[in-house]
Amino acid sequence: MDECQVADGPLENIDPKDSCLIPRNIMAEPDYIEDDNPELIRPQKLINPVKSSRNHQDLHRELLMNQKRGLAPQNKPELQKVMEKRRRDQVIKQKEEEAQKKKSDLEIELLKRQQKLEQLELEKQKLQEEQENAPEFVKVKGNLRRTGQEVAQAQES
């Protein structure tokens, strides 16, 4: 590229044998720029409805103000955002665990009682399910024993 030059002017000054010269102005200039013909309609730039909206202008103004103050929004990578969220969740979890460890004696006793009651209820449910699933002759035999005991108690009193 030491011998090649870029042509700034019109193509008339370029030597046709010199193929290394590249013209800068490839596109043709429109005719209506030079002529002041009042009959021609001059092209106008189209209005962007997004930029002309009030919300967009307010947002743009706010972003410029924040940038001047140094409060520009930080564009963090997604991985960094995820890692920060995990750290926050981990800290929250640790605080909850510490709060559980600091429970008073009364709370601990109430939890123990609650667990005992839940275990008793589970045992009752298991017994009921076993009785419901038991064969008919076992149920009849249990009923006979109970009626026999009730009759014996009634005779004694």
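In the predicted model, the largest pocket is lined by Glu130, Gln131, Ala134, Val138, Lys139, Lys141, Gly142, Asn143, Arg145 and Arg146. Two elements each give two or more residues to this lining, namely helix 4 (105-133) and helix 5 (136-156). Helix 5 supplies the largest share, with 7 residues. By residue class, the lining of the largest pocket comprises 5 charged, 3 polar and 2 nonpolar residues. Among the lining residues are Lys139, Lys141, Arg145 and Arg146. The space within the largest pocket amounts to about 180 Å³.

The protein chain as a whole contains 2 strands and 5 helices. Read from the N terminus, the order of its elements is β-β-α-α-α-α-α. The chain has 157 residues, of which 2% are buried, a residue being counted as buried when its relative accessible area is under 20%. The accessible surface of the protein chain is about 16200 Å². Carbon and sulfur atoms account for 52% of that surface.

Gly70 follows helix 2 and has a positive phi, near 90°.

Terms used. Residues numbered from 1 in each chain as written. Predicted model: local features only at pLDDT ≥ 70, side-chain atom pairs only at ≥ 80, totals over all residues. Heavy atoms only, no water. Helix = DSSP H or I, 4+ residues; strand = E, 2+ residues; numbered from the N terminus. Buried < 20%, exposed > 50% of the residue type's maximum accessible area, 1.4 Å probe, protein only. Areas by Shrake-Rupley, 256 points an atom, 1.4 Å probe, with all protein chains shown as cover. 1 Å grid on protein atoms, 1.4 Å probe; cavity = no way out; pocket = protein on both sides within 12 Å on 5 of 7 lines; lining within 4 Å. Points joined across faces, edges and corners; volume = space filled by probe spheres on them. Nonpolar A, V, L, I, M, F, W, Y, C, P; charged D, E, K, R; others polar.
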